Amino acid sequence: MELSKQAAYLKGLAEGMELAKKDTAEAKILVKVIDMLEELSDSVEELSVFSDEITELVDTIDEDLGDVESIIYDVDDFEDEDDDDDDDYEYSFVDDEDDDEAEEQDFDESEQEYEYEVTCPNCNNTVILPESIIMEGKTNCPNCSELLEFDLNEEE
């Protein structure tokens, strides 16, 4: 039985016993306690409704935040399956020569800017950076703002 129904049942019993008309101290206390129980049950019911509304709003906000995170961080594109490397950064050459042949005819090779995949050691996300940024020697990770430094000296 709900709390408000129990309080109403007790109030009905007290009215049936005509406790309010009795002049004893015990009867007066019981009437006041029953009135207080009725008010408390109403307050609890209001708080329960309010709590349900807040829970629904938080769930909606959580879903919206999840959507925003998936758009901003594009979780599927940044998953790094090979975390066993001891290197601070992973570099791989991205060759776009196999693209559309019509573009190759109009494109001067001396103007081609290569792109490199770089894995941030802080957040483990992989980003593609143009050669011009790599040649500068350093940049900040677009995901976590960690400073990425590139050693351009060739190792033999």
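Is E18 buried, partly exposed or exposed? Select E18 and keep it on screen: at 44% relative accessibility, E18 counts as partly exposed, where buried means under 20% relative accessible area, exposed over 50%, and partly exposed in between (1.4 Å probe, protein chains only).

Before moving on, a word about the model. It is predicted, so local features need pLDDT of at least 70 and side-chain atom pairs count only at pLDDT 80 or more, while totals for chains, interfaces and linings use all residues. Residues are numbered from 1 along each chain as its sequence is written, and side-chain values use heavy atoms, with hydrogens and water left out.

**Stop 1**

Now select 3–16, which is helix 1; helices are DSSP runs of H or I with at least four residues, strands are runs of E with at least two, and both are numbered from the N terminus. The end C-alpha atoms of helix 1 are 20 Å apart, which agrees with the 20 Å that its 14 residues should span at 1.5 Å a residue. That expected span is 1.5 Å times one less than the number of residues.

Go back to E18, in the loop between helix 1 and helix 2. E18 is not a glycine, yet its phi is positive, about 55°. Most residues other than glycine have a negative phi.

**Stop 2: the nonpolar patch**

Next, select Y9, L10, L13, I29, V33, M36, L37 and L40, which make a nonpolar surface patch of about 710 Å². Patch residues have over 30% relative accessible area and no salt bridge; like charges are joined within 9 Å, and nonpolar side chains (Val, Leu, Ile, Met, Phe, Trp, Tyr) within 5 Å. A salt bridge is a side-chain nitrogen of Lys or Arg within 4 Å of a carboxyl oxygen of Asp or Glu. Areas come from the Shrake-Rupley method with a 1.4 Å probe, and for residues only the protein chains shown count as cover.

Helix 2 (25–73) gives the most to the patch, with five residues. L10 belongs to helix 1 and is partly exposed, at 36% relative accessibility.

**Stop 3: the largest nonpolar core**

Select Y116, V118, C120, V127, L129, I134, C141, L148 and F150, the nine residues of the largest nonpolar core. Strand 2 (115–119) and strand 3 (126–130) each supply at least two residues of this core. Such a core is a set of buried Ala, Val, Leu, Ile, Met, Phe, Trp, Tyr and Cys residues joined through side-chain atoms within 4.5 Å.

Finish at S145, in the loop between strand 4 (138–140) and strand 5 (147–149). S145 has a positive phi, near 70°, and is exposed, with a relative accessible area of 54%.
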